[in-house]
Amino acid sequence: MTIINQGIIQEAASYIQGESAIKPEIGLILGSGLGILAELIEDAVRIPYDDIPHFPVSTVEGHEGELLLGTIKGRPVVMMKGRFHMYEGYGPEVTAFPVRVMKELGVQSLLVTNAAGGVNTSYQPGDLMVLSDHLNLTGKNPLIGPNDNNLGVRFPDMSEAYSRRLRGIAKETAASQGFKVQEGVYAGLLGPTYETPAEIRMLRTLGSDAVGMSTVSEVIVARHAGIEVLGISCITNMAAGILDQPLSHDEVMETAERVREQFLSLVLAIIPQM
Ligand code: HPA
């Protein structure tokens, strides 16, 4: 377990503040396919994760490991291009460390997106789903360990992990763009294997509508820090056992690519309202 304390959070934040004068109000953690949003940030300053003190050492390739600060439609934002997953070997507190740093920079609301498998059989690949709630099935929690009361309370309330206000904005914005989003419960698992058909039947019985391998630790830390959260999944495939075909990362990437424009225009229209 890595101990995350105010000292290391402040060191990371001061470095970032030395690179950009932006005081971000909105944090963006965008999953598979939406990294392109980076190109739409105005006057962006890009900071490689490797340069930021105490940031996890990135295992991702290419330009995926950087933090961007700038504005989108006039709102100051900080965006993670590439996120950290527990299946890469990071502890939950490490995957969520950037959220701590975002809070220190001034972030008040966070948009997280991800790719997810559809567990609800009425969903279709290409649907977008606003998260109404999640099931943390990773068996881990980023808040385990000593609690720093300056960062948040020991026993955080999770009864509205995903803000009702922001969910409303997301649904209305989608409607104004002429499409309907699903709204459902995201089950967060460790991965990296996709689930078995039996696990998917179990998840459906437990009340989940979609399944993925990210997001829950970031959202737990955001709520601990008092940040308002909006989560949106791109349903990239039907989960295991629903269709008579194997799952592949290629299918996930293809669907993410197919709906990218729609997802991007939704996100762009939501950001100024956050
Ligand atoms: N399962 C878990 N994670 C995923 C899936 C899935 O079916 N699709 C995209 N991410």
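The lining of the second largest pocket splits into nine nonpolar, five polar and three charged residues (nonpolar being Ala, Val, Leu, Ile, Met, Phe, Trp, Tyr, Cys and Pro, charged being Asp, Glu, Lys and Arg, and polar the others, Gly among them). That makes 17 lining residues, with Ile 4, Arg 100, Pro 142, Ile 144 and Pro 146 sitting nearest the centre. A pocket here is an open set of points on a 1 Å grid over the protein atoms alone, where a 1.4 Å probe fits, with protein on both sides within 12 Å along at least five of seven lines; lining residues have an atom within 4 Å of a point. About 250 Å³ of space lies in this second largest pocket, volume being the space filled by probe spheres set on the points, which are joined across faces, edges and corners.

The model is predicted, so local features need pLDDT of at least 70 and side-chain atom pairs pLDDT 80 or more, while totals for chains, interfaces and linings use all residues. Residues are numbered from 1 along each chain as its sequence is written, and side-chain values use heavy atoms, leaving out hydrogens and water.

As for the largest pocket, about 750 Å³ of space lies in it. Its lining runs to 37 residues, and Ser 32, His 85, Tyr 87, Ala 115 and His 249 lie nearest the centre. By class, this lining has 17 nonpolar, 14 polar and six charged residues. The largest share, four residues, comes from β5 (strands being DSSP runs of E, at least two residues, numbered from the N terminus).
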